[in-house]
Amino acid sequence: MDITDHPAPAPGTPPGPYDPEAAFEDTIARDQRIEPRDWMPDAYRATLVRQIAQHAHSEIIGMQPEGEWITKAPSLRRKAILFAKVQDEAGHGLYLYSAAETLGADRADLTRRLIDGRQKYSSIFNYPTRTFADVGVIGWFVDGAAICNQVPLCRTSYGPYGRAMVRVCKEESFHQRQGYELLLTMMRGTDEQRAMVQDAVDRWWWPSLMMFGPPDADSPNSARSMAWRIKRHSNDQLRQRFVDMTVPQAEKLGVTLPDPELRWNGERGHHDFGTPDWEELKRVVSGDGPCNAERIARRRAAHEEGAWVREAAASYAAEQAVRTRDGVTA
Ligand SMILES: [Fe+2]
Ligand SMILES: [Fe+2]
């Protein structure tokens, strides 16, 4: 937007009282960033804390389904790639918890809410990883879906969230490619390997479409998030983008996406596709997916086992603060 859209007040106009709400609306309307120091409506802050926390939890819980395969990877090269990928996801979780902290959220409280089931994470991580082909399909579909979701978030209205997304997206792109490259390799292998890839595709396709959330008509908070420019596209728009991006990749790979209704629609300029099982999504989101209990139990155990590290770090920081106050040099 051009600066002349906001002409300076006429000379001699007395300054009006500062209106923080008007300043917020104006910042959003000009497509500028809201920063932690800025006034923001309570509902904007609460929406962001909920979304960023859910995103952070997804990154951390998302380490589990693939992490299981680090010790079982078929070669040193595959192990190193998978290790790097899973570590990246830990880093994504940390950037995002830091972004939530800039809104006044407390990291320990967010973790407690996850473990107690009061905050959610992506439904996709409640499905099991049965074979090594699942590692490839997760990279291709799940990280591919994450790219569709997260690239527009680089321009989200809240500054720290958008800046965190820039780096996250670069790493997601590596994740997607490593998955697709693994699948290309398996498809050049034996009949058994090709069957493993197709089986993983069959199991992950529909849950991946569900990652974008319920259809727009059932997503009441979306419109407000879009008005605040937290979100830039609706769930259905992002899902369509993912389908259009993935179909040619499936053809190149030589696998069949398990949807008899999937076909190109020349009029719309997009692929038509079938309807995901929304009842399944509701069940998985409400805690009744194949691995929900296992994922949370594992997260809780890791949190409890890590207590001594947090205590040691806090006690060291307190000691350093006293030394600094007393002018003691290490
Ligand atoms: Fe990630
Ligand atoms: Fe990723």
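Two aromatic rings of Phe, Tyr or Trp (its six-membered ring) form a pair if their centres lie within 6.5 Å; planes under 30 degrees apart count as stacked, over 60 as edge-to-face and the rest as tilted. By this rule W140, F141, Y180, W205, F212 and F242 form one aromatic cluster. The structure is a predicted model, in which local features need pLDDT of at least 70 and side-chain atom pairs count only at pLDDT 80 or more, while totals for chains, interfaces and linings use all residues. Residues are numbered from 1 along each chain as its sequence is written, chains are lettered from A and ligands numbered from 1 in the order in which they are written, and side-chain values use heavy atoms, with hydrogens and water left out.

**Aromatic pairs**

- The whole structure contains 11 aromatic pairs.
- One of them joins W205 and F242, whose rings are stacked, with 5.8 Å from centre to centre and 25° between the planes.
- This pair links distant parts of the chain, since W205 belongs to helix 8 (residues 191-210) and F242 to helix 10, 37 residues apart; helices here are DSSP runs of H or I with at least four residues, numbered from the N terminus.
- W205 counts as buried because its relative accessibility is 0%, where buried means under 20% relative accessible area, exposed means over 50% and partly exposed lies in between (1.4 Å probe, protein chains only).
- F242 is likewise buried, with a relative accessible area of 0%.
- F242 also pairs with F212 in a tilted arrangement, at 5.5 Å centre to centre and 45° between the planes.
- F212 lies in the loop between helix 8 and helix 9 and F242 in helix 10, so this pair ties together parts that are 30 residues apart in sequence.
- F212 has a relative accessible area of 4% and is therefore buried.

- D143 in helix 6 and E172 in helix 7 are 29 residues apart and link distant parts of the chain.
- D143 and E172 are both buried.

**Pockets**

- A pocket is an open set of points on a 1 Å grid over the protein atoms alone, with protein on both sides within 12 Å along at least five of seven lines, whereas a cavity is a set of points where a 1.4 Å probe fits but cannot get out; lining residues have an atom within 4 Å of a point.
- The largest pocket has a volume of about 1,400 Å³, a volume being the space filled by probe spheres set on the points, which are joined across faces, edges and corners.
- Its lining has 50 residues, and Q51, Q54, M211, F212 and G213 lie nearest the centre.
- Helix 2 gives the most to the lining of the largest pocket, with 7 residues.
- The second largest pocket holds about 440 Å³ of space.
- Among the 14 residues that line the second largest pocket, I60, R299, A302, H303 and R310 are the closest to its centre.
- Helix 12 supplies the largest share of the lining of the second largest pocket, 4 residues.

**Cavity**

- A search of the whole structure finds 1 cavity of 30 Å³ or more.
- The lining of the largest cavity consists of R78, I81, L82, F132, V135, Q178 and L182.
- Helix 4 (76-101), helix 6 (132-150) and helix 7 (159-187) each give two or more residues to the lining of the largest cavity.
- Helix 4 gives the most to this lining, with 3 residues.
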